[in-house]
Amino acid sequence: MVKNEKILLEITDVTQEGFGVGRYDNTVVFVPFTAVGDIVSALIIKVNKNYCVGKLLEIKTKSENRIIPDCENFTKCGGCCYRHINYETELKLKAKRVEDCIKRIAKIDLEAKPAVSNGKIERYRNKAQFPIGQNGALGFYANRSHRIIETEDCLLQPELFGEAVNVLKSWIATENISVYNSETGRGLLRHFYLRASKNCENIMAVLVINGDDIPKKDVLITALNNRLGNRLKSVALNINKKNNNVILGYENKTVYGSDYIEDEICNVKVRLSPNSFYQVNREMAELLYNKAKEYANPNGKIILDLYCGTGTIGLTMAKEAASVIGVEIVEEAIKDAKLNAENNGITNVRFICADALKAVEELKKDSIKPDVVILDPPRKGSEDKVIETVAKSFCPERVVYVSCDPSTLARDIKLFGEYGYKLIEYTPYDLFPKTSHIESVALLLRTD
């Protein structure tokens with residue numbers, strides 16, 4: 001095939017990013033915004049040695065799973081990839097993706113449990129980060145670019161977030177506030193970051209800035225208060241002067257209200273600061289945490305919670321456990337975790353601010369022997385040395401692995417297997433409906 005060639009293609013599979021997959025003359029062709037069962041006309045826009053990428057021109061025959069997208073930015077924004085298929089099919093695709101990784105990478109022939117969902121596929125996010133463009137545009141990046149697609153209201157987020165975005169846009173224009181330019185390293189505003197508790201009862205607004213302060217902040221705070229009312233509990237400035245693509249810096253300055261907002265998950269009260277990790281879909285996170293607790297079987301056991309964030313998973317098990325040790329590298333998150341334990345009257349927990357590898361090596365020196373180890377690492381997965389130390393030095397009865405990436409989950413399960421741990425069960429949880437992401441929780445038992 002050659003670039004700009006038009007082809008007729010039947011879509012037979014889907015990639016992890018949600019791109020339709022077909023074969024033409026024994027060459028794999030990826031076509032975004034297509035569904036399994038579609039027969040489409042596509043324009044070849046990229047030719048590689050092993051595959052081609054096509055642009056959808058026309059749907060000749062529609063898949064029975066196809067629905068009409070309900071968002072005007074669906075094909076522009078880089079957020080959703082499944083707004084054109086029904087949700088039942090999406091769940092099956094996501095469970096299949098996790099299962100395929102376990103079978104292909106971990107080399108374990110074990111079927112995934114059906115993907116779990118509470119059925120809420122709109123307005124489920126409690127957090128949003130909006131890049132700010134040179135013309136004061138706010139929205140989301142187009143897929144694989146830094147081009148901003150202006151978005152007044154995203155169907156995945158609370159309507160109040162859109163209200164706050166409009167307030168900020170008006171303030172930028174009226175007060176002529178400068179916007180950061182990544183090429184020159186100049187300009188003030190970088191991102192607008194919003195986080196909310198259940199039902200948006202408490203809202204935090206954070207401006208990520210290339211500086212130490214902002215002009216006319218009283219005008220902005222007043223405008224946000226007028227639009228959001230008593231829901232606005234915190235306005236903060238996050239200082240990020242580095243010329244990179246990392247959104248948040250490490251220094252925060254509260255300019256209105258509290259340094260944090262409060263929420264509750266699995267009957268545990270939690271406080272959230274700007275840099276604290278917290279699942280973006282609170283209701284689904286509760287279901288996932290309950291499964292993690294079931295897998296951990298914490299009654300009377302010592303639990304080590306690695307990559308613990310603000311301590312939420314461990315704290316939900318602390319009442320049944322003998323003790324819980326949480327490890328997290330983000331200092332602000334550990335402060336919140338300690339306060340979360342104190343505010344909930346939980347005394348059998350200990351939180352350590354350290355890299356996971358350093359922490360497990362220190363605990364090994366202290367002869368700590370956890371019965372259960374919980375891992376909830378970032379997308380890149382856990383370090384090999386962490387897994388080796390956990391498996392060979394701690395030898396816990398159970399390992400509960402919470403993952404946001406099926407590939408690294410499978411890779412790490414395979415490594416645990418080399419140290420004598422068997423995968424017993426794994427369950428996908430759809431915390432991110434309409435997007436390509438899927439969360440999973442897996443149980444591994446020591447076999448010797």
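This is a predicted model: local features need pLDDT of at least 70, side-chain atom pairs count only at pLDDT 80 or more; totals for chains, interfaces and linings use all residues.
Colleague: Which residues of α7 are buried?

Modeller: Helix α7 spans residues 356-365, and A356, L357, A359, V360 and L363 are buried in it.

Colleague: What puts these residues on the same side of α7?

Modeller: Around the axis they cover an arc of only 165°, so they lie on the same side of α7. As a general point, an α-helix has 3.6 residues a turn, so residues three or four places apart point the same way.

Colleague: Which exposed residues are on the face turned away from the buried side of α7?

Modeller: That face carries K358 and K365, both exposed. To be called exposed, a residue must have over 50% relative accessible area.

Colleague: What makes D355 a cap of α7?

Modeller: A side-chain oxygen of D355 lies 3.0 Å from the backbone nitrogen of L357, at the N-terminal end of the helix. The cut-off for a polar contact is 3.5 Å, and the 3.0 Å of this pair falls within it. Just after α7, S367 takes a positive phi of about 60°.

Colleague: Why are α7 and α8 called roughly parallel?

Modeller: Their axes cross at roughly 20° and come within 9 Å. Angles under 35 degrees count as roughly parallel, so α7 is roughly parallel to α8. The crossing of the two helices is left-handed. On the α7 side the meeting residues are A356, L357, V360, L363 and K364, and on the α8 side K385, V386, T389, V390, S393 and F394.

Colleague: At what angle do α8 and α9 pack?

Modeller: The angle between α8 and helix α9 (residues 406-418) is about 40°, and their axes are 10 Å apart. α8 passes α9 in a right-handed crossing. D384, I387, V390 and A391 of α8 meet D412, L415 and F416 of α9.

Colleague: Why is α2 called roughly antiparallel to α3?

Modeller: Helix α2 (residues 159-175) packs against helix α3 (residues 217-228) at an angle of about 150°, with the axes 10 Å apart. Angles over 145 degrees count as roughly antiparallel, so α2 is roughly antiparallel to α3. α2 passes α3 in a right-handed crossing. Among the residues that make the contact are L160, W171 and E175 of α2, and V219, L220 and R227 of α3.

Colleague: Why is E175 called partly exposed?

Modeller: E175, in helix α2, has a relative accessible area of 24%. E175 touches K216 and V219, not counting residues up to four places away in sequence. E175 and L220 are 45 residues apart in sequence, with their C-alpha atoms 9.6 Å apart.

Colleague: How do you know that E99 counts as buried?

Modeller: E99 has 17% relative accessibility, and buried means under 20%, so E99 counts as buried. E99 lies in helix α1 (residues 87-104). Leaving aside neighbours within four places in sequence, E99 is in contact with L110, E111, A112 and Y426.

Colleague: What makes L339 partly exposed?

Modeller: The relative accessible area of L339 is 28%, between the limits of 20% and 50%, so L339 is partly exposed. L339 is in helix α6 (residues 331-343). L339 and Y426 are 87 residues apart along the chain, and their C-alpha atoms are separated by 32 Å.

Key: Residues are numbered from 1 along each chain as its sequence is written. Side-chain values use heavy atoms; hydrogens and water are left out. Buried means under 20% relative accessible area, exposed over 50%, partly exposed in between (1.4 Å probe, protein chains only). Helices (H or I, at least four residues) and strands (E, at least two) are DSSP runs, numbered from the N terminus. The arc is that of the directions from the helix axis to the C-beta atoms. A polar contact is a pair of N or O atoms within 3.5 Å; within protein, one must be able to donate a hydrogen and the other to accept it, and residues adjacent in sequence count only if both atoms are side-chain atoms. Axes are lines fitted to C-alpha atoms, for helices over the stretch in contact, and angles run from 0 to 180 degrees between N-to-C directions. Angles under 35 degrees count as roughly parallel, over 145 as roughly antiparallel, 65 to 115 as roughly perpendicular and the rest as oblique. A crossing is left-handed if the near helix is turned anticlockwise from the far one by less than a right angle, and right-handed if clockwise. Contact means heavy atoms within 4.5 Å.
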